[in-house]
Amino acid sequence: MSITSHEKLLHVGGVTVRFGGLVALSEVSLTIRPRTVVGVIGPNGAGKTTLFNVVCGFIRPETGDLSWKGRPLRKHRPDQLAGLGIARTLQGLGLFGGLTVLENVMTGAGRLARTGSLASLLGTGKSARDERELRDRSMAVLTELDVAHVAQLHPGALPYGVRKRVALARALVSEPELLLLDEPASGLSTGEMDELADRIRALTEKTAVVLVEHHMDLVMRVCDEVVVLDFGEVIASGSPDEVRVDPAVADAYLGTAPEELPSA
Amino acid sequence: MLNKLPPVVVHLLAALGCLVLLVLLTFAADPFTNLRIATVGYYLIAVAGLALLTGFNGQVSLGHGAFMFIGAYTVALLVKRVPAFPIWADLLLATVAGGVAGLLAGAAAARLRGPYLAGATLALAVGLPAVTQRFPELLAGSNGLSFTVNSQPAGLVGTIPSTQWQAWIVWLAVLLALVVLANLARGKLGRTLRAVRDDEVAASLAGVHVGRTKILAFLVSSACGGLAGGLQAFLLGTAAPGSFTVALSLSLLAALVLGGLGSLWGALWGAIALVYFQVWTDDIAEVLSLRSDISDNLPLALYGVVLIVVVLAFPAGIQGGLRKLWVRVRRPVPSQRGEAS
């Protein structure tokens, strides 16, 4: 199940999660190496988002362990993740509606802030300089994603595609080493999806990416490695070409192959 | 040039300007008006604290009067039992007492949301003043504690009326507290509070400790409540449970909605409304020679009517309406939602 490498960024080992009687994840293992793109695919309810939630510390696994750069991740909280260098986008975007686009992105840059709450409360010059730096950095990321022109607007008024970029900017501004993208292509036009594919590939210069996605063409285009989940189990993993021809994957998506059906 | 200065310097300069204007105003005003100016001051800091908690952080408190109660009794007890303490130390300790109470309440509140949080804070407002009945010897039951504060420097006695001097003290304390709140509102912390209000999951993924942020909002907000209560006790020379009813807590929240949630300026309009509705309705009652049972309830009725009208006309409160007007006059950028301080 796991990808052997000397360089392990994130390792998930034998994770099992149960919700009452339902097994959401069963003995799932995977390893993410630096600057690679790993796609996690599977039918609805396969456990993809649950896997993200385990990595992010929203859900504690019943068994199994996680490690980040060789150090165990135990009882970690979601808010500690950004500090470690892991960022995540949400399926529902989760933009802060009462904040401007720029403020949304600046909130994501908190990891890079050098002054604490007390300096902010006292309004010191150092905290003001810190704010200016965060603002400049956030503007740079917004410019990179071609959405700098909406920096002073509130996200509610923006088209969905633009909001998705803002959410991506908020995750990228913290300069993560691992980026977890939860269905980044949903609701995007074909043109926007092409752009997203190029962008994800470009990210690998600095960042590893884990992609939960339903759009197979995007996954096959951008991923170095694909992990297929079905009913909480890893049923296949490997390069996109290997996974594409794996009969277990076709079964999971399309049902049992006709030749295996009992004859009438 | 102002942009280059640290926020605290800008805010202190603004506070100094306001203080000078207020001091000049007190010379022109009669003692009654000076008392009202001081009353607006302590209501302002109470409502501003609530703006931080409810407007910025989205935690609805129906019990903010409880923290004013704590502040008032802290000052009353200190003046009576430790007369050696100067008044500024009493007020500082009232602020700390409010903050500590808020820290405890906030730790519990961080786990509650919406109606549950509102219910819990309401219970605080209902229950806390009853403590005075439990300890009648210390807190003097429902009569409350009466005392005299001799804070005026000997040189000023006779030259400056005490209400004028008291208004200066109240506004000095209020403006200093507002400097801290303005630093907070405009900086990283203000942004974090609003992010938690809008989406806790996304905020935590951005590295924000949601629970700690909510408790911090409670702490700062109740410290403001404590200071407001302390200033009220200082001004009136009494601390009695009858001053800290649930109606007070509800009025503070209504003042915040009226003035404009999520804005410190809104707190100012709300505080002015709280004080002056009473004054205006008293005037109306006198002109119309209304019976006392009608005139007693008139302020509340008028307050309710104005609240409904303002919320219908300007959902973002008076401050939201003013901002809309300003944008219409200037027309520089597309209108934005009223969030900044």
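The model I am reading is predicted, and I keep to its limits: local features need pLDDT of at least 70, side-chain atom pairs count only at pLDDT 80 or more, and totals for chains, interfaces and linings use all residues. Residues are numbered from 1 along each chain as its sequence is written, while chains are lettered from A and ligands numbered from 1 in the order in which they are written.

**Entry: helix 2 of chain B**

For the geometry I use axes that are lines fitted to C-alpha atoms, for helices over the stretch in contact, with angles running from 0 to 180 degrees between N-to-C directions. Helix 2 (residues 31-56) and helix 13 (residues 264-288) of chain B pack at about 135°, their axes 8 Å apart. The two helices are therefore oblique to each other (under 35 degrees counts as roughly parallel, over 145 as roughly antiparallel, 65 to 115 as roughly perpendicular and the rest as oblique).

Helix 12 (residues 246-259) of chain B also packs on helix 2 of chain B, at an angle of about 75° and with the axes 9 Å apart, so I note the pair as roughly perpendicular. Ala46(B), Leu50(B) and Thr54(B) are among the residues that helix 2 brings to this contact, and Leu252(B), Leu256(B) and Gly259(B) are among those from helix 12. The contact residues divide into eight nonpolar, three polar and no charged.

**Entry: the side of chain B that touches chain A**

I find 31 residues of chain B in contact with 33 residues of chain A. Helices 1, 8, 9, 10 and 11 of chain B each supply at least two residues of that side of chain B, and helix 9 gives the most, with eight residues. I read the classes on this side as 15 nonpolar, eight polar and eight charged.

**Entry: chain A**

Chain A is divided into domain 1 (1-85 + 176-264) and domain 2 (98-173), with bounds that come from an automatic or database domain assignment. Their C-alpha centres lie 28 Å apart, and eight residues of domain 1 are in contact with six residues of domain 2.

I then traced an open sheet of four strands in chain A, in the order 2-1-4-5 and with antiparallel pairing, where two strands pair if DSSP finds at least two bridges between them. Strand 2 (22-32) and strand 5 (71-72) stand at the edges, each with a single partner strand, so one side of each is left without a neighbour in the sheet. Strand 1 (residues 10-19) is joined to strand 4 (residues 63-68) by five bridges, and Gly13(A) stands opposite Asp65(A) in strand 4.

Strand 1 and strand 2 of chain A pair over seven bridges, with Leu10(A) opposite Ile32(A) in strand 2. These two strands form a hairpin with two residues between them, and Gly20(A) in the turn has a positive phi of about 65°.

Methods: Contact = placed C-beta atoms within 7 Å. Nonpolar A, V, L, I, M, F, W, Y, C, P; charged D, E, K, R; others polar.
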